Amino acid sequence: MAPGSRGARSSFRSRRGPGVPSPQGDATMLSRLLKEHQAKQNERKELQEKRRREAITAATCLTEALVDHLNVGYEPLLTNASFSFPTPPKFRHWQGLALRPLPKGVAQAYMNQRKLDHEVKTLQVQAAQFAKQTGQWIGMVENFNQALKEIGDVENWARSIELDMRTIATALEYVYKGQLQSAPS
């Protein structure tokens with residue numbers, strides 16, 4: 001038989017011996033293993049995503065319950081809740097755990113803090129308005145002082161002129177009287 005004919009291939013297979021997989025069988029086995037591996041990875045990803053969503057939901061519910069509890073301050077947490085938290089197997093000992101209400105003073109302190117924060121913001125706004133108004137008043141007083149200085153300058157000028165006029169008038173009067181006395185009558 002010719003080397004490339006069908007008979008040569010079959011003789012090649014027979015030389016391998018019984019129980020030894022053919023190269024074609026190896027490829028299908030690897031392909032099957034790859035598909036199984038990818039399927040398992042997809043299952044793990046889906047399970048992980050499901051657990052992540054459950055954790056987010058549980059954290060959101062717990063946060064809302066804590067905020068509601070702090071806002072009200074007197075209700076026990078997580079009682080009569082319409083949502084039941086999924087409990088992972090390693091946290092089964094937490095199941096049925098009811099959180100105790102916070103002491104009345106803690107909720108009151110929280111509410112007082114919120115009121116204080118609001119008052120601080122209001123006070124800051126009012127302080128800014130007062131500072132602006134004070135600046136305007138200072139500007140007005142400075143303008144008034146400048147006007148008074150100008151009036152004082154005019155008054156001083158007027159006094160100076162008046163004094164000069166009196167000096168001139170006195171001198172003229174003295175000269176006039178001196179001329180009258182020196183003139184023969």
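This report covers the fold, surface and salt bridges of a predicted model.

## Basis

In this predicted model, local features need pLDDT of at least 70 and side-chain atom pairs count only at pLDDT 80 or more, while totals for chains, interfaces and linings use all residues. Residues are numbered from 1 along each chain as its sequence is written, and side-chain values use heavy atoms, with hydrogens and water left out.

## Fold

The protein has 3 helices and 0 strands, in the order α-α-α from the N terminus. Helices (H or I, at least four residues) and strands (E, at least two) are DSSP runs, numbered from the N terminus.

Of the 185 residues, 4% are buried. Buried means under 20% relative accessible area, exposed over 50%, and partly exposed in between (1.4 Å probe, protein chains only).

## Nonpolar patch

Val-154, Trp-157, Ile-161, Met-165, Ile-168 and Leu-172 form a nonpolar surface patch with about 650 Å² of accessible area together. Patch residues have over 30% relative accessible area and no salt bridge; nonpolar side chains (Val, Leu, Ile, Met, Phe, Trp, Tyr) are joined within 5 Å, like charges within 9 Å. Areas come from the Shrake-Rupley method with a 1.4 Å probe; for residues, only the protein chains shown count as cover. Ile-168 lies in helix α3 (residues 104-182) and is partly exposed at 47%.

## Salt bridges

The structure holds 6 salt bridges, each a side-chain nitrogen of Lys or Arg within 4 Å of a carboxyl oxygen of Asp or Glu. In helix α3, Glu-162 pairs with Arg-166 at 2.7 Å between the closest N and O atoms; these residues are 4 apart, about one turn of the helix. Glu-162 is partly exposed at 38%, whereas Arg-166 is exposed at 52%.

Salt bridges with shared partners join Glu-49, Arg-52 and Arg-53 into one network. Within it, Glu-49 and Arg-52 meet at 2.5 Å, N to O.
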